[in-house]
Amino acid sequence: MSQLELRSIRKTYPGVAEETLKGIDIDIASGEFIILVGPSGCGKSTLMNTIAGLETISDGSIVLDGKDISTMEPKDRDIAMVFQSYALYPTMSVRENIAFGLKIRGLPKHEIDQEVERVADLLQISQLLNKKPANLSGGQQQRVAMGRALARRPRIYLFDEPLSNLDAKLRVEMRTEIKKLHQRLKTTIVYVTHDQIEAMTLADRIAVLKDGELQQLGTPKEVYNTPANLFVAGFMGSPAMSFVPVTVEQGGQGLYAQVQGNNGSELELPLPDYLSDRVGRQVILGIRPEHITQPQDQKNDQTLVTKGEFTIEVTEPTGPDVIALIQLNDTNVHCRIDPEHPVTWGETAELMFDMKKVVFFDPETEQRIAPH
Amino acid sequence: MTDVVRTGFRPSRVAVYGVLLLAALVYLIPLFIMLVTSFKTPMDIRTGNLMALPTDWTTIGWTKAWSEACTGVDCGGIRGYFWNSFKMTVPAVLISTLLGAFNGYVLSKWKFKGSNLFFGMLLFGCFVPFQVVLLPMAATLGQLGLANTTTGLVLVHVIYGVAFTTLFFRNYYVAIPDALIKAARLDGAGFFTIFFRILLPMSTPIFMVSLIWQFTQIWNDFLFGVVFASGDSQPITVALNNLVNTSTGVKEYNVDMAAAMIAALPTLVVYIVAGKYFIRGLTAGSVKG
């Protein structure tokens with residue numbers, strides 16, 4: 001059991017007017033894999049450093065298994081951390097790197113040896129134990145850094161952008177390894193990244209941060225499908241969600257919004273009923289690429305589905321899909337199209353709009369308009 | 001690429017090597033003259049050519065310089081002063097280097113309020129001319145009861161050297177990622193453990209820089225030696241001066257040259273032994289900071 005509670009954590013650096021952390025509340029259950037995500041400067045690394053005890057907090061409390069650890073020294077917190085730069089001790093061998101923390105804690109030699117063997121087996125680095133970090137590849141250094149964290153069997157693991165220094169292929173491999181490791185060991189992990197794909201694939205829950213404030217805390221599915229506000233909606237997902245300003249109008253069939261393409265074509269997009277109290281007002285329509293596709297016959301008669309013709313401005317084949325760019329109300333909008341259904345840039349194509357999962361935001365507050 | 005590899009024999013190359021060779025010659029000629037003169041007999045020196053090899057190789061100049069030559073009234077050679085210099089230089093180099101390493105560690109990894117100002121003021125110490133501190137230092141040494149002692153000289157050189165060694169180590173440690181310190185803290189290492197177990201083992205290149213620099217500075221120092229030491233505690237630089245300036249008897253150039261060579265040897269040896277680290281350490285420190 002290692003449950004971590006962050007209670008209204010605040011952090012102000014001396015001489016900096018704005019708070020770096022503005023009261024963060026997160027409850028992390030035992031064995032949970034939680035990911036802090038946000039653009040650089042959002043405070044996610046600061047938050048992680050305060051959990052580790054490398055930085056003090058100005059207000060609030062950090063509670064680990066019912067015990068307030070806010071003012072404890074890092075070494076007394078029983079927390080291990082994996083750094084972006086790995087931070088392996090360059091003069092020590094892999095074995096010594098892993099054993100260092102155990103040695104300092106005064107474990108007997110045979111226990112240290114046993115623990116090093118266990119970790120090395122777990123991460124498949126047994127053959128590297130006598131090498132120096134400088135002689136290892138990036139991926140191997142990454143494993144050793146994780147080994148060093150695992151060796152102490154701490155209560156919480158912190159990962160600070162551990163994969164950012166790896167090349168793309170290795171990053172995907174290590175991502176899977178970390179997920180496997182978590183599923184096997186059932187450890188509590190707090191993981192910082194700016195990569196939203198990493199966040200989506202690894203996390204049990206995602207905490208999206210911006211300017212020192214928690215924007216949303218939820219499962220990857222919740223964060224993706226029902227983003228709390230414009231920022232979260234734009235941050236999660238690749239290509240990003242497109243935002244189109246529209247006016248809600250009442251028609252004979254129900255609510256609709258008029259959108260205009262750059263070729264002059266017009267289309268009435270059906271809107272869900274919960275927008276009925278906003279008739280005549282403007283909302284921001286948040287639409288993901290997968291909501292605009294080539295016409296799919298099985299969807300023809302569904303509600304909140306419509307078709308229209310628009311000029312394709314750019315096509316970007318990604319392999320499994322072709323991402324096409326169109327314009328709606330003078331805004332760029334991405335569509336995800338089956339490569340078997342060729343579209344050509346500069347030409348008009350018929351597109352299907354599935355409005356069931358589209359989300360809407362208040363232009364004033366930028367918050368999502370929740371169905372009620 | 002092949003063009004670069006196939007340089008071969010080109011006029012520009014010849015010019016470059018010619019200039020380099022000339023420069024090397026200019027620098028080596030004094031050494032050559034000193035060496036050959038030190039192995040000549042006084043007779044040979046008076047009658048022969050300055051550049052000529054000795055007609056009669058003899059080590060009499062060396063043995064006399066080492067154990068018989070007169071420095072002022074004392075005629076025991078420079079032997080005693082040579083050891084004086086060691087007794088002064090070795091502790092002064094080690095203490096100032098260790099202090100510098102420690103200062104550099106604190107100033108780069110455990111910054112405190114005003115640490116940058118502190119570092120700036122410490123740097124100022126690098127630019128204070130020796131002459132400025134002579135009188136206050138003499139007064140201080142007198143009050144401490146260390147006037148005219150080797151210990152006093154060590155103290156002076158440590159104080160003067162710490163500014164430089166701190167600069168070396170601070171700049172070297174600034175380039176070492178802070179994550180390393182954080183990782184060690186999470187591993188449970190404290191202030192001193194991190195210094196001795198993590199940082200010091202990484203410091204060989206900058207250690208060599210500091211050793212060479214300090215050794216050369218302190219060994220070659222004349223001013224502090226002549227002011228703050230007297231008689232038996234004088235370092236070799238002062239003794240060499242006294243030997244050469246002794247006005248009694250005939251001028252023995254072979255002895256003078258041998259004594260000068262003896263005085264210069266230790267710095268030469270240190271540079272040859274640790275030299276390869278010198279360039280490496282200097283460039284490593286200059287990457288950042």
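Modeller: Start with a definition: two residues are in contact if their C-beta atoms, placed from the backbone, lie within 7 Å. Keep in mind that this is a predicted model.

Biologist: Among contacts in chain B between residues at least 6 apart in sequence, what share join residues at least 24 apart?

Modeller: In chain B, 77% of those contacts join residues at least 24 apart.

Biologist: How many helices and strands does chain B have?

Modeller: Chain B has 14 helices and zero strands. Read from the N terminus, its elements are therefore written as a row of α symbols.

Biologist: Is chain B spread out or compact?

Modeller: Chain B is more spread out than a compact globule, because its radius of gyration is 24 Å, well over the 19 Å that the globule rule gives for 289 residues. Along the principal axes, the C-alpha trace of chain B spans about 75 × 70 × 30 Å. Buried residues account for 37% of the 289 residues in chain B.

Biologist: Which domains does the assignment give for chain A?

Modeller: The assignment gives domain 1 (4-235) and domain 2 (242-361) of chain A. The centres of these two domains of chain A, taken over C-alpha atoms, are 40 Å apart. Their contact takes six residues from domain 1 of chain A and six residues from domain 2 of chain A. On the domain 1 side, these are three nonpolar, three polar and no charged residues. An unreviewed UniProt entry lists residues 4-236 of chain A as "domain: ABC transporter". That span, residues 4-236 of chain A, is 37% helix and 24% strand.

Biologist: How do I read a sheet?

Modeller: Strands of a sheet pair through backbone hydrogen bonds, either parallel or antiparallel. One case in chain A is an open sheet of three strands in the order S16-S21-S17, with antiparallel pairing. Its edge strands are strand S16 (292-293) and strand S17 (305-311) of chain A, each of which pairs on one side only. Two bridges join S16(A) to strand S21 (residues 348-354) of chain A. A:Ile292 stands opposite A:Phe353 in S21(A).

Biologist: What should I look for in the backbone angles?

Modeller: Most residues other than glycine have a negative phi, and most peptide bonds are trans. A:Gln124 has a positive phi of about 55 degrees although it is not a glycine. A:Gln124 lies in the loop between helix H3 (109-123) and helix H4 (138-151) of chain A.

Biologist: Is A:Gln124 buried or exposed?

Modeller: A:Gln124 counts as exposed because it has 11 C-beta neighbours inside 10 Å, and the cut-off for exposed is 12 or fewer. A:Leu304, also not a glycine, has a positive phi of about 60 degrees. A:Leu304 is in the loop between S16 and S17 of chain A, and counts as partly exposed because it has 17 such neighbours.

Biologist: Which residues does the cis peptide bond join?

Modeller: The cis peptide bond joins A:Ser238 and A:Pro239, with omega about -5 degrees. A:Pro239 lies in the loop between helix H8 (230-235) and strand S11 (242-247) of chain A.

Conventions. Residues are numbered from 1 along each chain as its sequence is written. Chains are lettered from A and ligands numbered from 1 in the order in which they are written. This is a predicted model: local features need pLDDT of at least 70, side-chain atom pairs count only at pLDDT 80 or more; totals for chains, interfaces and linings use all residues. Helices (H or I, at least four residues) and strands (E, at least two) are DSSP runs, numbered from the N terminus. The radius of gyration is taken over C-alpha atoms; the globule rule is 2.2 Å times the number of residues to the power 0.38. A residue is buried if 20 or more other C-beta atoms lie within 10 Å of its own, exposed if 12 or fewer, and partly exposed in between; C-beta atoms are placed from the backbone. Domain bounds come from an automatic or database domain assignment. Ala, Val, Leu, Ile, Met, Phe, Trp, Tyr, Cys and Pro count as nonpolar, Asp, Glu, Lys and Arg as charged, and the others, Gly among them, as polar. UniProt positions are given in the numbering used here, feature names are shortened, and annotations may be inferred rather than shown by experiment. Two strands pair if DSSP finds at least two bridges between them.
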